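Visitor: I would like to go through the contacts between the chains and hear what each label rests on. Please show the model.

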Amino acid sequence: MTALDRVRRTQRVLGATVIARSLMWGIAITSAMLGLSSFVDARGLSATIVVVSVLAGVVVAAAMLWQSRRFASVSRVALWIEEHVPTLHYSLVTALEQGQSPFTAGMDATIARHDISATTTRAVRRHLLPATAVLVIAVLLLYVSPSGVLGRSGAIAGMGRLGGAAGIPAGSRLDDIGVRITAPAYAGGRTTNLDDPSTVAGLTGSTIAIRGNGSADGLTATQPAPLRISPAGRGWSISLTMPAKPTAITLRDRSYERIIVLAPVADEPPKIALTSPRRDTTLRTPRLVVPLNANVSDDIGLTSGYFEYLITTGSGEIFKARTVNTPVVHFDGARSSTLSATLDLGSLKLGEGDVLSMRAIAQDGNTVSGPGIATSDTRTIRIARAGEYDSLAIEAAAPLPLDTSAVSQRMLIAMTEKLVAEQPKLSREELVKRATDIGNQEDGIRRRVQQILTEAEGAGEDVAEPKPGDQPATVEEMESPDVISGAKNPDLKAAYTALWQAVRSLKIAEPSPALPPMRVALAALDRARLANRLYLRGAPPKIVVNIERVRMTGKDKGSSSVRTPRSFADSARVDLSRRFYAMVDLLEKDPARALTELALMRVQALQMIPGFAAALGEVSDAIRAGRDATPALLRARRALEAPPEVRPLSQWSGG
Amino acid sequence: MRRRLEYVLRGAVLATLALMLWFASQSSRDAQSAMVDSHGVGASALNQWSRAPVAPQRINLQLTSIPSRIERAWLSALAAAGSVVTWRGGLTPVMVAIEPVAAPHGGATARAAAPDASAIVIGDEIGALDSARIRQSGATFVLGAASDSVTVRANGSVASAALRDSVSLRKVLVIGAAGWEPKFTAAALEEEGWKVDLLARVAPGVEVTSGAPATIDTSRYSAVIALDASAAPYASRLTEFVRAGGGLIIAPPAAAAAAMVTLRAAGPDAIVLEKRGAATSVAAKRLGAGRVIQIAYEDTWRSRMNGGDSAVANHRRLWTNLVSNVAYAPRVARATANPADDGTSVDDAAPLADLTASIGSPTSAKVSALTGRSRSSWTVLLFLVLTLALLGEVASRRFRGVS
Amino acid sequence: MMSEFVFCTGQYDSGDWDSAPVLPANIIDSIARYTSIAVAPSGVNIPLGSDAIFEYPFVYLTGHLPFRFSEAERRNARKLVDRGGMLFIDDHNHDVGGVFHNTAMEELTRSFSKPVDLPNDHDIYRCFFKFDDGPPTTSHELNGWGDNLVHKNLQAVMQGERIGVLYSSKDYSSEWNYDPDAKRFSTVDNTRFGVNIIVYALTR
């Protein structure tokens, strides 16, 4: 064998060694990274981790190969041999360089006397043994890790197991769970993810998916009815719907238990407010165009709305009703909008005595428990009967287009303001005529108020009810405010005084000075109307029973009876209080039981005392995170009970 | 020069050693004084005094806070063993007593006493409940359900008490003519958990009842509420009931009935519980073993109907407080609370009084001449001086080249 | 002296609340005849939307026209019932499914909860006078308008164990809306059930 042959043989061995060593190191790095990652994150190896680990192994292997690239060169291998076999005294290198020399045979013979193989073998051992050891350790680490890559649920399933049942890690499978909440489709179907929550809050009807690690075997979940647990990839999952009332899911894994509170959020019905017309009114004739307007809003989304007109016809004891609805307006899920319509009373063919009730109706898109429906306040328009013409309803009319058939104080003010504005252009005769007309109508209201005031004082029979054919009173005939008592109704008395002054000004064709007292009268009439709603369409007869005369004169006798007692109103709060203090005692002795009790109390408190339920959630979170729960406990207690009542010390110690 | 310095340092070493030897000899002598820092007596000092071969003849303590119950007991034991224990210090007296509220929902009343104008904080096992500034030497706190024990802190002094009893309640009897006041009074009490018998007269011989109104005695009723003259026929029975320990509440129309005159809370033995301006609105008196409260409020139902958001709760509380204040409610022992693990027992109702009882009133005896320093700190200081002097001499000799 | 019972008729905006103006006096007369309850000699009319209503824990409401609460009336009605008061609502029409009934049912369902049929052996039928067959039939039901419509039950919104709102379609408003002096012409006093309603309100 020539020197070159020896060197080439050594080169092959060293080359294989370097390659093997690089591969071993690369595989060891990859295996170690995979194993360590699965210990850190037991949810399993994500694709990212796998890719990074493999890349790391490749990089390390490549780096080692690059580091040992000198073995690709024969002369470098020869130098390596010379370095490790100094007794060659560079004969090998010389033999390679002087291949055609006559001294080559002699050099070959010299080289043959040296044991290059032994040196090579030692080098191989030196490189491969550590790499082999590291590789073995890394593979073992991967085998025992929760990753399941080797041995447990992976491909090499039969290569022995290191204790424990197949697929079940030693720890709890109830740690590190994830919850996904998907709102119902009508609410937009938004998804929320929670990591390891103790409480899951969401709209009633939301889909809840709970996921955890490990096999589903042996796990139970109750609500309290049993829930189905399905395998999901390398873990388990439960799917359910958010109920309408708070409840708790109890998860059990062997001796481990965990409770998750479900806190449903109810879909509120819409809110609707009728902004026009603002008030009820009475009309002489059913000729009016009424603008209708309502503001609507909802917490999730509105679907539709309309106005409803309820027309009641009749008198005495016989009434008939019919309903007319406006066309439905679609809101397409908007959270706020307005409803508008215009109502021409003429189109409803109303007659004397008819009553029209108007209201707005809206609904939301709740498909889980049925649409929430909201109705606004009702506005009423009455069509006066002929006999009621003289009974002016002293109410402020709604700001509608002017209708001369509905004469009210506000209307008279508007007419007077118009007269004042036009006064410079009017002739004296016309001014007097218009001012007197307004004055006569104002006087009608004055006389009505006078009648009410004197009736209240018990002198009603002296004042006749004003009638359409009555001659208007002259200024001299008007009763001075000084003789009218207003003890029982100071607001009406103030209105009378102001009306008296206004009529005096109007009757002498001075509309401008009449305006201030007319406005004062309107304000006073409003106050009187709100304080004690006056029904002016004929005061009901007042019968006073002579109690002493009739006492115990009845022939029939009653009999004694037994009453059912009322129940303890706050028993649930007292029970929660007792349980709260018992839970506080448990915190040091048995924290796991205390957490369970916290969850169960939260379920009970969610409907009754939401503030207490929220504070209990903070307590639970603090305990689970290992923080001091005292501030949260203090807040919970304050939410449950009022602060102590503090009193001075007393001689009296009762109770 | 350097040599002189070395001699001085050597002298200092010898002097320090001598002083330390002298201190050691002093500690075995009879007289010993101790100064206690602001954090209390301390287990280590007590331990040291107890383990000394010869008991200290005199222990003078300068206290800035009241020692704990165990520490007080220990001092008392040292005093009984022959040491004269004296103390001085401006300690704040504080005291607390807790007893159950006679009401179905439970709860407790804690009475705390402390010097006027002191700020006290009352708390339980969870934390602080409330605070108050003391007027007229004390305050009463009405606590919610299930506070097993309370502590009261004032200027560093801490008193604590545990709730040892609960109460056994009977029913309440409400007597009146059918009307809003009997209806709402019975409703308020039932809604608070009381068992109520109602006797409401509708017509002569016709009554509406709930429960089974029975003989009025303390085996059946804790209290009776007489709302109007309907109660007059029962006046003598009510008198016997109250004398036997029962409780009675009289409303103005009932008090006006002539038959009820002996039951009225009037006269020199009546205690005014509440005034509205110059008028007495609630007064009480003891009659035999029982109690009577007379109220001037008529138509309390109006406050329930007319009031704000808490009107119903206030109405219930009004009636339950009135009944609690007179109710016949015998005590029942409950399971005692375990002492706290930190060595302080839950029951320490009057710590300053207990200290005085254990080791006597405070004195003006001064502590030892080593004012402001304990013996152990002197020892440390001397050791430092010794070490520095020794090191200084050695260093000097080295620099001179002398070994 | 304890305050006396005052019969209160509630005024509401949407309809003819005063359609039975003599009824209060008739019931007051009956209370005085058969009981020793302290009662005011005349009734009051109080707006349901005003705070004055809380002085009167019993409120009578009737009418022929649509029955709808304003926001203030609804708020006050709920508060009155929650705190222990009672509403007695009677349909002054004699019909089935009429405008007052339909709107009142809707309003009560919206403001409280859906009224339920009151069993005919309920406490209210024996708390003073005994009515073994439940609510007494009115003459209008038997004779009225030729249709012999009889409403077998009253309806109620319950507050726990007690009646918070008592609803009647039997037209007691017509039955009792006459001067009490006219009782002397009758052999049977048809207002006795009204006494039961008041005794129930005052004691339950």
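Guide: This is a predicted model. Across the interface of chain A and chain B, 15 residue pairs are in polar contact, both residues being at pLDDT 80 or more. Four elements of chain A, namely strand 20 (561–562), helix 12 (571–589), helix 15 (630–640) and strand 21 (645–648), each supply at least two residues of the side that touches chain B. Helix 12 of chain A gives the largest share, six residues.

Visitor: Which classes do the residues on the side of chain A that touches chain B fall into?

Guide: They divide into 16 nonpolar, twelve polar and nine charged.

Visitor: Why is the pair Arg637(A) and Asp124(B) called a salt bridge?

Guide: The closest N and O atoms of Arg637(A) and Asp124(B) are 2.5 Å apart. The cut-off is 4 Å between a side-chain nitrogen of Lys or Arg and a carboxyl oxygen of Asp or Glu. The pair is within that limit, and therefore counts as a salt bridge. The rule finds three salt bridges across the interface of chain A and chain B.

Visitor: What makes strand 21 of chain A and strand 7 of chain B a pair?

Guide: Strand 21 of chain A and strand 7 (residues 138–143) of chain B are joined over four bridges, in the antiparallel sense. At least two bridges are required, so the two strands pair. Arg647(A) has Thr140(B), in strand 7 of chain B, as its bridge partner.

Visitor: How much area do chain A and chain B bury between them?

Guide: They bury about 3800 Å², 54% of it on carbon and sulfur atoms. Arg563(A), Arg566(A) and Trp652(A) supply 22% of the area that chain A buries against chain B, more than any other three residues. The contact takes 37 residues from chain A and 57 residues from chain B.

Visitor: What about chain C and chain B: how many residues are in contact?

Guide: 24 residues of chain C are in contact with 28 residues of chain B. The buried area is about 2200 Å², with 56% of it on carbon and sulfur atoms.

Visitor: How do you know that Arg302(B) and Glu55(C) form a salt bridge?

Guide: Their side chains meet at 2.3 Å, N to O. Since the limit is 4 Å, the pair qualifies as a salt bridge. The count between chain C and chain B is one salt bridge. Helix 2 (71–82) and helix 6 (192–203) of chain C each supply at least two residues of the side that touches chain B, and helix 6 of chain C gives the largest share, four residues.

Terms used. Residues are numbered from 1 along each chain as its sequence is written. Chains are lettered from A and ligands numbered from 1 in the order in which they are written. This is a predicted model: local features need pLDDT of at least 70, side-chain atom pairs count only at pLDDT 80 or more; totals for chains, interfaces and linings use all residues. Side-chain values use heavy atoms; hydrogens and water are left out. Contact means heavy atoms within 4.5 Å. Buried area is the accessible area (1.4 Å probe) that two parts lose on being put together, summed over both. A polar contact is a pair of N or O atoms within 3.5 Å; within protein, one must be able to donate a hydrogen and the other to accept it, and residues adjacent in sequence count only if both atoms are side-chain atoms. Ala, Val, Leu, Ile, Met, Phe, Trp, Tyr, Cys and Pro count as nonpolar, Asp, Glu, Lys and Arg as charged, and the others, Gly among them, as polar.
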